[in-house]
Amino acid sequence: MAEEHAKGDVVRVIKAAGEPSRPMRLPLPSGLLPKGSNHIYITVADGSDRTYKIACSPKGLKEITLGRGWQRFYHDYKLQPFNILLFKHKGRDDFSVRIFQAPGVERTYAASGDDSGDLTPPGPNEPSTRSSKAPPSNGVHQSAAEVEQTFQSEHPYFIMHITERLLHVHFLPNVPHFGDDVSDDVMVTLRAGEISVRADYAKYRGNRSRNCGTIGGGWADFLRKCNITVEKLAVFEISRTNPDVELLVQFVDFE
């Protein structure tokens, strides 16, 4: 499935991963890729700065077939046929990819040894991604899915698993960026009830853009003031992005 494309629109394609032995075909508007292009670059916004160059060939006017490099990507990320992939065109031959392992629950990733958690996507307003050294337990997945299904907000939001390790570091890694109109370095107000802490956010930098970053100074103080000493799910509502960012945070227990 592909969104309709008008000039200036961002093209997104949703596809099941399918079997690795079968060709992956992406429906793309004609003229989207540079003329004569025989490859695309895909990056999972997992904090690892890994970009895959994948061969592609046209199939008719509005579809391409992925070739050399696709199976490596498939196996590196341990995809399953039922996983859902969201390809987002970033310009020219560049795509970001998000991986979903259950309806409403984004996959966890292995990323440079960093430990973080699940992301439950916020629906049509989509700040992005999450990463983890190892997949969390089924209890975390189930709890995140339940929160996503029952949580109601007028703001875009994302859900993270605050692991044991994240309770003992001074920063929160792999935080989804807050929107295309938000600068790469911005002050963030973390707010939970009457508790309010100012922190700084820095988007990851690299050869290719990644749509996530780190909340630094202020994160540890926020956990301390909220008396968070055990693993939790945290719901972050993006209540404001201008002139700076405000996140309304709710911590949720899980079994």
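Biologist: What pLDDT does the protein average, and how many of the residues score at least 70?

Modeller: This is a predicted model, and pLDDT is the predictor's confidence in each residue. Here the protein averages a pLDDT of 77, with 73% of the residues scoring at least 70.

Biologist: Where does pLDDT stay under 50, and how many contacts beyond four places in sequence does the model have there?

Modeller: One such stretch is residues 1-7, for which the model has 13 contacts beyond four places in sequence. Another is residues 110-138, where pLDDT also stays under 50 and the model has 112 contacts of that kind.

Biologist: How many helices and strands does the protein have, and what share of its residues count as buried?

Modeller: There are three helices and 15 strands, and of the 255 residues 49% count as buried. Of the contacts between residues at least 6 apart in sequence, 56% join residues at least 24 apart. The accessible surface comes to about 12600 Å², and carbon and sulfur atoms account for 48% of that surface.

Biologist: In what order do the strands of the seven-stranded open sheet stand, and which of them are at the edges?

Modeller: The order is β9-β14-β15-β11-β12-β13-β10, and the pairing is mixed. At the edges stand β9 (157-162) and β10 (172-176), each of which has a single partner strand, so one side of each is left without a neighbour in the sheet. From one strand to the next, the twist averages 35°.

Biologist: How many bridges join β11 to β12, and do these strands run parallel or antiparallel?

Modeller: Strand β11 (residues 185-192) and strand β12 (residues 195-203) run antiparallel and are joined by eight bridges. Within this pairing, L190 stands opposite V197 in β12.

Biologist: Are K78 and R92 buried or exposed?

Modeller: Exposed means over 50% relative accessible area, so K78, at 61% relative accessibility, counts as exposed. R92 counts as exposed as well, at 60%.

Biologist: Which peptide bond is cis, and where does P243 lie?

Modeller: The peptide bond from N242 to P243 is cis, with omega near 10°, and P243 lies in the loop between β14 (232-240) and β15 (245-252).

Notes:
Residues are numbered from 1 along each chain as its sequence is written. This is a predicted model: local features need pLDDT of at least 70, side-chain atom pairs count only at pLDDT 80 or more; totals for chains, interfaces and linings use all residues. Side-chain values use heavy atoms; hydrogens and water are left out. Helices (H or I, at least four residues) and strands (E, at least two) are DSSP runs, numbered from the N terminus. Buried means under 20% relative accessible area, exposed over 50%, partly exposed in between (1.4 Å probe, protein chains only). Contact means heavy atoms within 4.5 Å. Accessible areas come from the Shrake-Rupley method with a 1.4 Å probe; for residues, only the protein chains shown count as cover. pLDDT is the predictor's confidence in each residue, from 0 to 100. Two strands pair if DSSP finds at least two bridges between them. Axes are lines fitted to C-alpha atoms, for helices over the stretch in contact, and angles run from 0 to 180 degrees between N-to-C directions.
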